[in-house]
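The following report concerns the structure shown below.

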Amino acid sequence: MKQRFLSTSVFACLILGSLALASFAQEASSNDCSVAEFTMGLRFQQQSAEVRALQRQAYNIATQKLEAAVEAADDPSKLAIVSDLDETVIDNSALLARDLKNCHTYDVWDTWLPWERDGKPTLIPGAKEFLNYADELGVAIRYISDRADKQKDYTLATLSELGLPQISAETVLLLGPPKVERREIVRKDHQIVLMLGDTLHDFDGGFRKTPLDHQKSLVDESAAKWGTEWIVFPNTAYGTWSEAPLTRWSDETIIEKW
């Protein structure tokens with residue numbers, strides 16, 4: 001009887017020890033994964049109904065503003081909209097989710113070139129309807145993106161496969177000169193009436209590679225342009241804000257049942 005009790009006790013200890021080791025290993029793995037902190041943001045970006053609502057809201061506003069611009073124009077063919085691609089027109093979150101699962105830091109972009117070649121992005125809700133409508137109105141569409149120009153043929157093929165309008169080597173302007181210079185190329189022949197993007201330098205060069213506090217100030221200085229000339233899309237997966245410290249309430253934590 002004593003021997004059986006000892007054997008049972010030893011077995012129980014082994015089980016508890018194994019569980020403890022597994023828990024420790026899981027915790028250590030989580031602690032070692034530098035991108036684990038992006039999980040909630042990426043889950044919101046890819047899975048939430050709220051992000052779809054925000055994306056459709058942005059395209060609804062863009063549609064209203066474009067209609068007003070066309071109605072006021074003598075020649076709509078002289079008007080242009082400028083749109084970013086990634087996280088504005090197309091959704092690349094599947095790549096980010098794959099890299100996060102593998103604990104790979106996705107915002108160093110060393111997995112992006114293979115994704116441009118072989119990945120299958122999906123459309124942001126509302127994007128195709130808006131862009132087709134702009135095309136029907138006779139407005140020029142220019143896609144300005146920091147995807148690799150050396151892989152332009154792959155991006156053109158992806159956009160064409162998704163059925164987007166006005167896709168050509170001339171209308172898709174990829175990484176080379178800064179975006180502000182590429183926008184000036186568009187302005188040589190057209191009046192830009194709307195710009196769409198998920199990153200602030202999609203709208204103004206003053207946002208590019210500048211401190212976060214400066215970006216916030218410039219956002220406020222440009223208040224009249226948001227929702228009128230500039231349509232910004234939500235992107236909680238990556239951005240210049242990703243390493244910013246949080247502002248915390250300094251009071252002592254008090255736990256109360258709700």
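## Residues with positive phi

Gln166 lies in the loop between H7 and E5, where helices (H or I, at least four residues) and strands (E, at least two) are DSSP runs numbered from the N terminus. Although Gln166 is not a glycine, its phi is positive, at about 55 degrees. With 24% relative accessibility, Gln166 counts as partly exposed; buried means under 20% relative accessible area, exposed over 50%, and partly exposed in between (1.4 Å probe, protein chains only).

Trp109, in the loop between H4 and H5, is another residue other than glycine with a positive phi, near 65 degrees. Its relative accessible area of 35% makes Trp109 partly exposed.

## Basis of the model and overall content

The model is predicted: local features need pLDDT of at least 70 and side-chain atom pairs count only at pLDDT 80 or more, while totals for chains, interfaces and linings use all residues. Residues are numbered from 1 along each chain as its sequence is written, and side-chain values use heavy atoms, with hydrogens and water left out.

The protein chain contains nine helices and seven strands. It has 258 residues, of which 37% count as buried. Among contacts (heavy atoms within 4.5 Å) in the protein chain with a separation of 6 or more, 76% are between residues 24 or more positions apart.

## The disulfide and its surroundings

One disulfide is counted, defined as a pair of cysteine sulfur atoms within 2.5 Å. It joins Cys33 to Cys103, with an S to S distance of 2.3 Å. The two cysteines are 70 residues apart and link distant parts of the chain: Cys33 is in the loop between helix H1 (2-32) and helix H2 (39-47), and Cys103 in the loop between helix H4 (93-101) and helix H5 (112-118). The torsion about the S-S bond is about 140 degrees, so the disulfide is right-handed. Cys33 counts as buried at 12% relative accessibility, whereas Cys103 is partly exposed at 31%.

Ser34 is also in the loop between H1 and H2 and is partly exposed, with a relative accessible area of 45%. Leaving aside neighbours within four places in sequence, Ser34 is in contact with Cys103 and Thr105. Ser34 and Leu100 are 66 residues apart in sequence and 9.3 Å apart in space, C-alpha to C-alpha.

## The largest nonpolar core

In soluble globular proteins, nonpolar side chains tend to be buried together. Here a nonpolar core is a set of buried Ala, Val, Leu, Ile, Met, Phe, Trp, Tyr and Cys residues joined through side-chain atoms within 4.5 Å. The largest one has 30 residues, and Leu66, Ile81 and Phe130 have the most contacts inside it. Elements giving two or more residues to this core include H3, strand E1 (79-83), H6 and strand E4 (140-148). H3 supplies the largest share, five residues.

Not counting residues up to four places away in sequence, Leu66 touches Ile81, Phe130, Ala134, Leu137, Val139, Val193 and Leu194.

## Packing of H3 and H6

The axes of helix H3 (residues 49-72) and helix H6 (residues 127-136) come within 9 Å and cross at roughly 10 degrees. Axes are lines fitted to C-alpha atoms, for helices over the stretch in contact, with angles from 0 to 180 degrees between N-to-C directions. H3 and H6 are therefore roughly parallel to each other, a term for angles under 35 degrees.

Arg56, Tyr59, Ala62, Thr63, Leu66 and Glu67 of H3 make the contact with Ala127, Glu129, Phe130, Tyr133 and Ala134 of H6. These residues divide into seven nonpolar, one polar and three charged; Ala, Val, Leu, Ile, Met, Phe, Trp, Tyr, Cys and Pro count as nonpolar, Asp, Glu, Lys and Arg as charged, and the others, Gly among them, as polar.

Notes
Angles under 35 degrees count as roughly parallel, over 145 as roughly antiparallel, 65 to 115 as roughly perpendicular and the rest as oblique.
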